[in-house]
Amino acid sequence: GFLDSETLALQCSTLEFIDPDASDDSDKVQRSDRWLSFHLDGAFWTPFIDQYRAESESLLGEAMTFEGVGVMPKGEDPSGEQTSPSTDDKLLPPLVNLSPGSHKYVVIRATKVTNADEELWFVRSASPEECGGPYHANVAQDLLDRLTPLGYSTTVMGGGRIDFLHNDEVSHAHVFGFSYGFGKGDHEKVASIIEESSDIIATFDMSDGLY
């Protein structure tokens, strides 16, 4: 049977149906091919859904701190032939990769599984369209997937937002905000990484103004 209206309301945010058929004075049925569409932007349960999403990202963030698989360091004999699996620096993603606009960012610490003293820091910001989702975990996922096969243990150290203005003459990045899943990043450190690894001028503040 049909669900009662309250149960149905909890399950639907978009409703679409074809316009009902109509009859004229001669009782002739006029078929309709017009679709009606209704979209619910918010309701009494919206805060509960937002809380669920925040908690889901938090759990996903905890799950994404993991040990990378081991890959032997690059080794070459005098003839120049490779004698062990290679972790070529050319395969590493850039230390800083920012998308123009105001987007969520993550900062990731990567250490070699075979040598914990070999440490790299990566900063990545991306739009939801670029990274496949609206969460900080989505921004981190591609970078983690690329570093792990290269023999790095990775930890997401925090996040927030970066407002990046790209210009051919002077580019500027402002670091701020926080992440529910990973916690607030060290914005001062992130700004330093950006400036040390690129020609971008970076500023920061410790505000929580925007998730």
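Predicted model: local features only at pLDDT ≥ 70, side-chain atom pairs only at ≥ 80, totals over all residues.
Six strands make up an open sheet with mixed pairing, in the order S5-S7-S6-S8-S9-S10. Strands S5 (96–97) and S10 (201–204) sit at the edges with a single partner strand each, so one side of each is left without a neighbour in the sheet. For a look at one pairing, take S8 (residues 152–165) and S9 (residues 172–176): they run antiparallel to each other and share five bridges. Arg 161, for instance, has Phe 176 in S9 as its bridge partner.

Now for the helices. H5 (residues 187–197) packs on the sheet and touches S5, S6, S7, S8, S9 and S10, with its direction at about 180 degrees to that of S10. H4 (residues 136–147) lies across S6 (101–112), S7 (115–126) and S8, at about 35 degrees to S6.

In soluble globular proteins, nonpolar side chains tend to be buried together. Here the largest nonpolar core has 17 residues, and those with the most contacts inside it are Val 106, Ile 108, Phe 122, Ala 140, Leu 147, Tyr 152 and Val 156. S6, S7, H4 and S8 each supply at least two residues of this core, and H4 gives the largest share, six residues. A second, separate core has 16 residues, among them Trp 121, Ile 162, Ala 173 and Ala 191.

Notes: Residues numbered from 1 in each chain as written. Heavy atoms only, no water. Pairing = 2+ DSSP bridges. Helix = DSSP H or I, 4+ residues; strand = E, 2+ residues; numbered from the N terminus. Contact = heavy atoms within 4.5 Å. Axes fitted to C-alpha atoms, helices over the stretch in contact; angles between N-to-C directions. Core = buried A, V, L, I, M, F, W, Y, C linked by side-chain atoms within 4.5 Å. Buried < 20%, exposed > 50% of the residue type's maximum accessible area, 1.4 Å probe, protein only.
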